[in-house]
Amino acid sequence: MRKRLLSLMAGAGAAGLALAVSLGVAGTAGATGAGAPARAAACAPAQVVGNGGFESGTSPWTASSGVITSGGGQSAHSGSAFAWLNGYGSSHTDTLSQSVAIPAGCSAASLTVWVHVDTAETTTTTAYDKLTVKLGSGTLATYSNLNAGTGYVQRTFDVSAYLGQNVSLAFSGTEDSGLQTSFVLDDVSLTTSGDGTPPPTTPPPTTPPPTTPPPADSTRTPAAPGYTVSLSSDATGVTWTGHESVTFTNASPSPLGDVYLRLWDNYHGSCPTTPITVTNVSGGTAGALSVGCTALDITLPAPLAQGQSGTVGFDLRIVVPSGADRFGRDGAFSFIGNALPLLAIRDGAGWHLDPYTNNGESFYSLAADFRVTLDHPTGLQVPATGTSVDTPGASGRTVTTATATKVRDFAWAAGAFSKVSGTSPAGVKVNVYAVSGISSANAQSMLTTSISAVDAHAGRFGAYPYAEVDAVLDNNFWFGGMEYPGFVLDLVDSTALTHELGHQWWYGIVGDDEYNNPWLDESFADYSTDLALGKTGTNCWSSVSWASSSEKITNSMAYWDAHSSRYSTVVYGYGKCALHDLRRLIGDSAMTSLLRSYAQAHWYGVSTTAEFKAAAQAATSTDLTSFWSTHRIDG
Ligand SMILES: [Zn+2]
């Protein structure tokens, strides 16, 4: 995916998210009342935000130009000054932050901020302009033009998890080139309260650390996952309940004592209130949710030695939130990406428990087999990863059984889509599903695009190995498209659709760690799109202009989340141009065989930047050292 028209996911589902936040205002001030410990150390309540009313100049805030102000058409919640992010009506990012030291010794901490949003946008469905509230590495909330209203609204967050930490409190507003949205903040405070923490006679409840010590080897494990899922939907296809189990093998010489499930879509909730619920875990002992409720540690009954297999199972409940998103519903149509819990990967770097990113993808999983049974009302179609067989269910219901082998994820949608199908000259079945707002002519045109793209990519990188691919179209997506194995979401946009189908190879068949190496899928998908559309990127490198010495094509999503306005330009634009330049340097024929052999070498596997660079160097007698440094391809 890419920016507004291709992937930047910065406030996806902001409306639903913000609603959840405001309902979850909790301020769950910890251990007061019956559950309070009988003996507790003293808690000295404290307020730790400096100059939270912005009445004392700018210190200790760090803010972009013009943010802390006292006029210009906005007004304060109290006093005369406030912080005003964005409001330009042009592409613009504003930031506001300070570091806060949250003392230990109390049992609760609560962040309050008064927020006013006004906008000239008229959409009621699309989050064009966004404000993100972060504490440390955690995102507390995302607001957008969809949250506009008169006056200030008080937003309160339970931040007890940060007690005893020094962290950054940061607000970041991004505005697109269209109509203005202003995010106005005032009276920011962070207070500690509650009883003192009990003396540590017993260990405190453990939250799994984000990573465990690295294993002694770099083998990716747990390997060869096999997922068996059975879900039944409500009448609308919004709520799905049932069971999932996954069998896996420890491929590593290091014992495997636990596994982690990634519950990615819990990003779209207000942790601990989450849209993905896992209960009744069998085959192991569930620990606490971590990483913003997106990771669940399951300790196995005994560590698995190399070659041994295990199975964990659990009850699963999925509630699709509102919002035309990769996990969201647009009217009567639900899009259900990243909803099935998947196994995290442990390798030489330890467990990969990276956070969800709304600017792109964090998803990193090994090729797996899926058998997914979806019991749904007959009036709903359920396009899905893999190939599907429908059988009659209970009265008025249909059971769709989808099977897929060697895929990294499984996604589906539900709704009364219109459907057109065709078969490519190379024999790939292509289905285009469209929501009710899309004309049959547009659906037919996207079918033609899909057929042409899938064969073009297959001709260059290797035959498409799955029997069919589904493209699900909705012009209300705020992004251009999103890729899943055998299943893509897209606008009516041939470039975006060709890009998402390119991901069937780059990310899907040839996997990568999308959080740490986003260029390995995005630059390659965009380069593939150019080739499929006959674009050669002539002179494209002459327009490259780096924002800083630390900006590189190969930076991780951690970097791009902090520099989101540059993600699309560098990773998609400069990235594909670098590949065009590499082609010009080593020659068309060498580049063609390089990409084909590189794909074959990592077919159903995982590639790294170092492996690509080695393959490229092996394809030419030209020393590529200076090419990599000029094009800022590190790794
Ligand atoms: Zn993409």
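Strands are DSSP runs of at least two residues, labelled E and numbered from the N terminus. In the predicted model examined here, strand E5 covers residues 106–119, and Thr112 is found within this strand.

A residue counts as buried if 20 or more other C-beta atoms lie within 10 Å of its own, and as exposed if 12 or fewer do. Thr112 has 18 other C-beta atoms within 10 Å and is therefore partly exposed. When residues up to four places away in sequence are left out of account, Thr112 touches Gln154, Thr156 and Ser189.

Elsewhere in the model, an open sheet is formed by seven strands, arranged in the order E14-E17-E12-E11-E23-E25-E24 with mixed pairing. Strand E14 (276–282) and strand E24 (387–392) are the edge strands, each of which pairs on one side only. From one strand to the next, the twist averages 15°. Within this sheet, strand E11 (residues 223–233) pairs with strand E12 (residues 239–249) in the antiparallel sense, over nine bridges. Leu231 has Gly242 in E12 as its bridge partner.

The helices were considered next. Helix H4 (residues 494–502) is mostly covered, with eight of its nine residues buried. The buried residues in H4 are Thr495, Ala496, Leu497, Thr498, His499, Glu500, Leu501 and Gly502.

Helix H8 (residues 588–601) and helix H9 (residues 609–618) have axes that come within 10 Å and cross at roughly 135°. Angles of 65 to 115 degrees count as roughly perpendicular and those over 145 as roughly antiparallel; H8 and H9 are therefore oblique to each other. The crossing of these two helices, H8 and H9, is right-handed. At the contact, H8 contributes Leu594, Ser597, Tyr598 and Ala601, which meet Phe612, Ala615 and Ala616 of H9. Classified by residue type, the contact of H8 with H9 comprises six nonpolar residues, one polar residue and no charged residues. An α-helix has 3.6 residues a turn, so residues three or four places apart point the same way.

Conventions:
Residues numbered from 1 in each chain as written. Predicted model: local features only at pLDDT ≥ 70, side-chain atom pairs only at ≥ 80, totals over all residues. Helix = DSSP H or I, 4+ residues; strand = E, 2+ residues; numbered from the N terminus. Contact = placed C-beta atoms within 7 Å. Pairing = 2+ DSSP bridges. Axes fitted to C-alpha atoms, helices over the stretch in contact; angles between N-to-C directions. Parallel < 35°, antiparallel > 145°, perpendicular 65-115°, else oblique. Left-handed = near helix turned anticlockwise from the far one by under 90°. Nonpolar A, V, L, I, M, F, W, Y, C, P; charged D, E, K, R; others polar.
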